[in-house]
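Let's take a friendly walk through a protein structure together. Keep the sequence and the 3D view side by side as you read.

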Amino acid sequence: MGGILIQCQDVWKNYGSQRALQGLSLQLESGKIVGLLGPNGSGKTTLIKILNGLLTPDRGLVLVDGQEPGVYTKSIISYLPDKPYFAGWMKVTDLFDLFEDFYEDFDREKADHMCRALQIDEGQRMKALSKGTKEKVQLILVMSRRAKLYLLDEPIAGVDPAARDYILTTILNNYNPEGTVLISTHLISDVERVLDEVLFIQYGQVIRQALVDDIREREGKSVDELFREVFRTVPFGGGEW
Amino acid sequence: MLKKLIKYDLKSMSRAFIPMWILAPVVSLLLSFSIRGTIAWANSSIPGRQMLTLGNGILTAVMVILFIGAGMGLLIMTVVFVIQRFWNGLLKEEGYLMFTLPVKTWELIVSKAVTATLISSISAVVGVFSAIILAVCSTEEVVRTLAMAWKYFLSYLIHVDPIFWIDLVLFILVLVAGTVKSIYHVYAAMSLGHLFQTHKVVGSCVSYIGISMVVSIITNIIGTVVSLALPDDWTYYWGFTYREGMFGMLSAAYLLYMLVFALLETMVYHVITERILSTKLNLE
């Protein structure tokens with residue numbers, strides 16, 4: 001395991017009167033696949049966007065590889081957003097050109113190879129592609145980089161179980177083993193098998209950080225079971241599900 | 001990195017503009033032929049020429065509408081694109097891509113401004129070129145008048161005061177600086193609108209008007225101070241100096257003031273935009 005890659009200390013973020021992060025603190029080391037787990041609205045996307053520099057925290061310290069979000073951190077982060085960010089006029093090959101121009105760690109050959117394997121025509125415009133193919137292109141772009149930190153925001157939300165397997169396998173086969181992968185999701189059972197560590201987040205705070213092996217060995221539970229236990233809510237009208 | 005950003009911005013903008021840049025002169029050329037035909041028929045003594053003239057007149061009217069449409073389209077497209085490329089390209093989903101590139105925020109802004117200035121300038125040149133085509137190809141009369149005007153202009157240039165050339169260069173610089181300033185004005189307004197929690201578009205419009213009002217107040221103050229500083233009978237001296245061939249100096253001074261003011265405005269707008277997008281970016 002490497003040194004500290006992500007450090008957040010007392011990070012606060014509000015959207016108007018709505019609180020997204022409330023004094024969140026955490027530390028993550030290099031060389032791990034970490035699950036950022038929490039219910040909807042718990043602050044997962046906000047945290048990822050702050051690490052990326054897409055959101056500015058109201059206060060608190062955020063360091064990625066020892067530096068505040070900026071040009072350097074952006075050069076080492078590979079980000080998969082929760083929605084497509086392409087301009088419709090761009091062709092797949094335009095996007096590859098753009099990544100090749102701006103990211104030194106982008107492996108064009110790998111991207112071309114993945115495109116061929118998935119039978120994606122690089123000459124196609126993004127607006128002509130189906131939703132699923134767009135997501136695949138996005139995943140190819142992200143995983144064709146040899147980044148120090150992969151920030152994957154809900155990579156398997158909204159896709160069928162077969163596609164989930166494909167996405168997770170692609171991530172596992174292609175990430176830089178010296179880097180860290182932070183996967184945000186609430187679909188625990190699907191990602192559990194690939195995780196080394198988990199961060200439970202609720203009301204904008206990290207309420208638990210643990211190694212997956214420790215959870216299994218010490219508590220005799222799967223991450224999914226622990227998640228359900230921690231975030232259990234009583235259904236309206238009472239009773240158990 | 002800035003060069004690479006400009007390359008991508010130019011690519012995204014030019015693909016929509018190139019057809020308009022081709023269409024505008026082609027339409028004016030067709031329109032000029034149509035006008036020429038109408039005049040020729042009207043002047044001819046062929047029996048039934050009225051019907052033919054009417055047909056040609058209708059065709060000319062259609063071409064005029066097309067020409068005005070192309071001109072308006074070019075103008076509206078330019079304004080819309082300047083706004084849209086900044087709004088969608090940086091402050092909406094595409095901003096996820098642009099703001100995660102390892103480049104400085106000022107580079108993103110300057111890239112958009114350079115591209116928008118280039119596109120606006122080319123559109124303006126195409127507009128003027130189309131109008132010239134229309135005028136030159138319509139009638140012999142226009143060609144003769146223009147030739148005379150050009151001849152007169154050339155003969156004027158021989159005797160012209162050297163200050164004229166300074167005025168001309170300053171005038172062109174003021175035009176370019178004015179375009180850049182107007183683009184940055186829109187950028188600053190959109191960045192201020194981005195600070196609003198909700199109704200960001202309304203916030204941007206309000207900011208645009210607010211900035212315009214502030215600039216108007218400042219220019220009025222400067223104007224008042226300058227007029228108070230000048231002697232009461234300065235207009236008399238103006239008339240005097242005009243006779244002495246010093247008119248160019250006065251206009252050069254005014255153009256220089258406009259240029260400096262436009263550059264200052266641009267700098268202020270750039271700083272506002274850059275600071276907001278660097279320290280207050282919120283791509284929710």
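Start with a pair of strands: β8 (residues 197–202) and β9 of chain A run antiparallel and are joined over 6 bridges. Across this pairing, Phe200(A) has Arg208(A) of β9(A) as its bridge partner. Helices (H or I, at least four residues) and strands (E, at least two) are DSSP runs, numbered from the N terminus, and two strands pair if DSSP finds at least two bridges between them.

A word on the model itself: it is predicted, local features need pLDDT of at least 70, side-chain atom pairs count only at pLDDT 80 or more, and totals for chains, interfaces and linings use all residues. Residues are numbered from 1 along each chain as its sequence is written, while chains are lettered from A and ligands numbered from 1 in the order in which they are written.

**The sheet of chain A**

The pair belongs to an open sheet of 6 strands with mixed pairing, in the order β5-β6-β7-β3-β8-β9 (chain A). At its edges are β5 and β9 (205–211) of chain A, each pairing on one side only. From one strand to the next, the twist averages 15°.

Strand β3(A) is largely enclosed by the rest of the structure, because 5 of its 5 residues are buried. Here, buried means that 20 or more other C-beta atoms, placed from the backbone, lie within 10 Å of the residue's own. Ile33(A), Gly35(A) and Leu37(A) point one way, and Val34(A) and Leu36(A) the other way. In a regular strand the side chains alternate between the two faces of the sheet. Two partners of β3(A) are listed here.

| Pair | Sense | Bridges | One residue pair |
|---|---|---|---|
| β3(A) and β7(A) | parallel | 5 bridges | Ile33(A) and Val181(A) |
| β3(A) and β8(A) | parallel | 4 bridges | Val34(A) and Glu197(A) |

**Helices on the sheet**

Helix α1 (residues 44–52) of chain A lies across β3 (33–37), β5, β6, β7 (180–185) and β8 of chain A, at about 145° to β6(A). Such angles run from 0 to 180 degrees between N-to-C directions, with axes fitted to C-alpha atoms, for helices over the stretch in contact. Helix α5(A) also packs on the sheet, touching β5 and β6 of chain A, and makes about 170° with β5(A). Contact means that the C-beta atoms of two residues, placed from the backbone, lie within 7 Å.

Helix α5 (residues 131–143) of chain A has 13 residues and spans 18 Å from first C-alpha to last, close to the 18 Å expected. That expected span is 1.5 Å times one less than the number of residues. Its buried residues include Glu135(A), Leu139(A) and Met143(A). Among the elements covering the buried residues of α5(A) are β6 (149–153) and α6 (161–174) of chain A.

Chain B has 9 helices and 0 strands, and 28% of its 284 residues are buried. An automatic or database domain assignment gives the domain bounds: chain B is divided into domain 1 (1–155) and domain 2 (160–284). Their contact takes 16 residues from domain 1 and 15 residues from domain 2.

Which chain does chain B touch, and with how many residues? In chain B, 21 residues are in contact with 20 residues of chain A. Helix α1(B) gives the most to this side of chain B, with 4 residues.

How values were computed
A residue is buried if 20 or more other C-beta atoms lie within 10 Å of its own, exposed if 12 or fewer, and partly exposed in between; C-beta atoms are placed from the backbone.
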